[in-house]
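Here are my notes on this model, for reading alongside the coordinates. They go from the surface to the core and then to the strands.

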Amino acid sequence: MTKQCGEAAAETSSAPWHDGAVRDGSLSHAIFRLARAHRAYAAAMLRDLSLHPGQELLLMRLLERDGQTQSELLESVSLDHSTVSKSLRRMQEAGLLTREPAEHDRRMVTVWLTDRGRAMREPIDAMWSSLEQTSTRDLDVEAIAPFIAMAHTIEKSITGRD
């Protein structure tokens with residue numbers, strides 16, 4: 001038998017991350033705090049690589065398949081157009097990539113990594129691995145897969161997507 005929402009909330013109220021001001025929505029508050037802490041930690045690691053949050057995701061997509069259109073990148077990282085456009089501009093100014101009109105449609109922009117951008121593979125992989133190790137260091141191996149599944153379920157509930 002599953003616990004009622006109130007019972008689960010009562011159990012979490014003594015958790016160190018619980019905020020007494022949040023009377024309803026303890027799960028949402030926990031997600032907010034987790035996301036904020038994770039993003040801040042990742043941002044500090046990215047600063048060491050002279051990157052801004054989200055830029056590593058764009059680089060990872062381009063390292064996976066170079067020469068994507070800006071629209072393809074936009075869709076693959078689930079960020080808004082202005083954020084991706086600003087990130088790509090900054091990354092181009094930093095010498096990590098180039099943007100050129102697509103050969104098949106001059107209205108589209110194709111994004112290509114430079115040698116400097118391709119050299120980011122190992123530092124980004126190491127950063128991502130370190131972030132994962134830090135994030136999971138106090139979790140049992142058996143707890144990780146259910147957490148990921150729960151996170152996907154909550155994301156689908158919020159976005160309405162499968």
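1. Surface patch. In this predicted model, L34, F147 and I148 make up a nonpolar patch on the surface. Their accessible area together is about 280 Å².

2. F147. This patch member sits in helix 8, which covers residues 141-159. Is F147 buried, exposed or in between? F147 has a relative accessible area of 43%.

3. Core. The largest nonpolar core holds 21 residues. L51, L58, L59 and L88 have the most contacts inside it. At least two residues each come from helix 2 (26-47), helix 3 (55-64), helix 4 (70-77), helix 5 (81-93), strand 3 (109-113) and helix 7 (121-136). Which element gives the largest share? Helix 3 does, with four residues.

4. L51 up close. What does L51 touch, leaving out residues up to four places away in sequence? Its contacts are L46, E56, L59, L96, M120 and I124. One of these, L59, is also among the core residues with the most contacts.

5. Strand 3 and strand 1. Strand 1 spans residues 68-69. Strand 1 pairs with strand 3 in the antiparallel sense, over two bridges. Here T69 is opposite T110 of strand 3.

6. Strand 3 and strand 2. Strand 2 runs over residues 97-101. Its pairing with strand 3 is antiparallel too, over five bridges. L97 stands opposite L113 in strand 3. Strand 3 also supplies at least two residues of the core in point 3.

Note on methods
Residues are numbered from 1 along each chain as its sequence is written. This is a predicted model: local features need pLDDT of at least 70, side-chain atom pairs count only at pLDDT 80 or more; totals for chains, interfaces and linings use all residues. Side-chain values use heavy atoms; hydrogens and water are left out. A nonpolar core is a set of buried Ala, Val, Leu, Ile, Met, Phe, Trp, Tyr and Cys residues joined through side-chain atoms within 4.5 Å. Buried means under 20% relative accessible area, exposed over 50%, partly exposed in between (1.4 Å probe, protein chains only). Contact means heavy atoms within 4.5 Å. Two strands pair if DSSP finds at least two bridges between them. Patches are made of residues with over 30% relative accessible area and no salt bridge: like charges are joined within 9 Å, nonpolar side chains (Val, Leu, Ile, Met, Phe, Trp, Tyr) within 5 Å. Accessible areas come from the Shrake-Rupley method with a 1.4 Å probe; for residues, only the protein chains shown count as cover. A salt bridge is a side-chain nitrogen of Lys or Arg within 4 Å of a carboxyl oxygen of Asp or Glu.
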